[in-house]
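Colleague: Hi! Could you walk me through the charged pairs in this protein?
Modeller: Happy to, let me bring it up.
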Amino acid sequence: MIHIACNIDDNYAMQCCTMLVSVMYNNQDEDICFHIISHDLSKDIKNKIQLHVGKFHQKVTFYNIPQKLYDSFPAIGNSHITIATYFRLFIGEILPDDIHKAIYLDCDLIVDGNLKDLWATNIDNHALAAVEDMWSGKDDCYKRLQYDRQYTYFNAGVLLLNLDYWRKNDLSRICAAYMSEHKGELIFNDQDVLNAQLHNQKLLLPFYWNVQDGLLRRHKRIRPEMLSQVEKETRHPVIIHYTGHRKPWMHICLNPYRNLFFKYLDMTDWKGFRPHVPLSWKCKTILDTLLYTLRLKPKKYDTQLLDISE
C-alpha cells in the first residue's frame with residue numbers, strides 16, 4: 001500500500017482532485033491510500049474527493065486540523081499559498097502510528113508516471129527524501145537559515161517521509177518550535193522550516209521526481225554545479241510541479257507542461273474548464289511568438305530537450 005498525504009482547503013478542490021486523478025491514472029496497478037489533511041473541509045468537497053478516488057477503486061481518509069493548532073501558524077505572505085501549507089509539518093503526528101512512510105504531494109502538481117520507484121527509495125537513515133529547489137543557487141537561503149551551502153536547499157512540494165524517524169526524533173515539535181521562534185524570518189514558510197531543521201537529515205532525489213517551473217527556464221537559479229544533472233533529469237519528468245504564481249488554471253501560465261494539467265483535469269468533474277484569456281494577453285502572445293521567431297526576444301523556457309507530447 002502506497003500512502004500519499006496532501007493538504008488542502010475548500011479553495012483548492014479542483015487542483016487537489018486533478019492531482020489525485022493524475023496519481024491514480026498512472027498507478028492503476030498499485031494500492032493507494034490518500035490522506036487528506038485540512039481544517040474544516042466542507043462536506044461537499046469531501047464527497048467530490050471520495051467520488052473521484054472511488055472511480056479508481058482506491059482509498060481516502062480525511063483528517064481535520066484542530067482550531068488551536070491552526071491559529072498557531074504564522075501568517076502567509078504569498079497570495080498563491082494558503083495556511084494549509086504548514087500541515088505537512090505534522091503528518092507524523094496526524095497519521096496512525098502503523099503507517100511508517102508516506103509520500104507528501106502539493107496540490108499544484110500532476111503525476112505523469114509510476115510512483116513505485118519513489119515509494120521504494122530507502123530512507124531508513126533519513127527524515128525525508130526531496131528534490132533540490134529551483135532557487136538553491138541563492139546564497140540568501142543559507143545566510144537566512146544559517147547553515148552551510150554544501151547541504152543545499154530542497155523543495156517541499158514532493159517529499160518521501162520517514163514517519164518513524166519523525167516520531168522517534170520528535171521532529172514535529174522541533175519544527176513547530178523553530179517556526180514559533182523565527183516567524184518574521186520565514187520567506188518560504190514551512191519549506192524554510194524543513195530546510196533549517198533537516199538540511200543534514202535528508203536524501204536528495206533525482207530531479208524528475210519534482211520538475212519545478214524554474215528548472216525548465218533558460219535562466220536557472222539552481223546551484224551551477226547541478227545544471228548538467230538538471231538538464232538530463234528533467235527531460236522525462238514523472239512529477240511536474242507548477243511552482244510560483246503562474247498556475248496552469250490561470251491564463252498567465254507559460255509552463256511548457258501546462259496542457260498536461262488539463263489532460264488530467266478533464267478526467268474530473270471540472271472537465272472542460274479553461275481560464276478566460278483577455279484580448280490583451282492574446283495580443284501579447286502573438287507578438288511574443290513573432291519576436292521569438294525573428295530571434296528578437298529570448299524564450300523564457302528551454303524546451304528543445306523536453307518530452308512534451310501532451
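Colleague: How many salt bridges does a search of the whole structure find?
Modeller: The search turns up 18 salt bridges. Keep in mind that this is a predicted model.
Colleague: Why do such pairs form at all?
Modeller: Side chains of opposite charge can pair when their charged atoms come close.
Colleague: Okay, which residue does Asp192 form a salt bridge with?
Modeller: Asp192 pairs with Arg144, and the closest N and O atoms are 2.4 Å apart. Asp192 sits in helix α9 (residues 189-198) and Arg144 in helix α6 (residues 139-145), so this pair ties together parts that are 48 residues apart in sequence.
Colleague: And is Asp192 buried or exposed?
Modeller: Asp192 is buried, at 0% relative accessibility. Arg144 counts as buried too, with a relative accessible area of 14%.
Colleague: New topic: what does Glu30 pair with?
Modeller: Glu30 forms a salt bridge with Lys116, where the closest N and O atoms are 3.9 Å apart. The two come from distant parts of the chain, 86 residues apart: Glu30 is in the loop between α1 (13-25) and β2 (32-38), and Lys116 is in helix α5 (residues 116-119).
Colleague: Why does Glu30 count as buried?
Modeller: Because its relative accessibility is 16%, and buried means under 20%. Lys116 is partly exposed, at 48%.
Colleague: What about Lys297 and Asp288?
Modeller: Their side chains meet in a salt bridge, 2.8 Å from N to O. Lys297 is partly exposed, at 29%, whereas Asp288 is buried, at 9%.
Colleague: Last one: which residues are linked in a network of salt bridges?
Modeller: Glu132, Asp139, Arg149, Arg223 and Glu225 are linked that way.

Key:
Residues are numbered from 1 along each chain as its sequence is written. This is a predicted model: local features need pLDDT of at least 70, side-chain atom pairs count only at pLDDT 80 or more; totals for chains, interfaces and linings use all residues. Side-chain values use heavy atoms; hydrogens and water are left out. A salt bridge is a side-chain nitrogen of Lys or Arg within 4 Å of a carboxyl oxygen of Asp or Glu. Helices (H or I, at least four residues) and strands (E, at least two) are DSSP runs, numbered from the N terminus. Buried means under 20% relative accessible area, exposed over 50%, partly exposed in between (1.4 Å probe, protein chains only).
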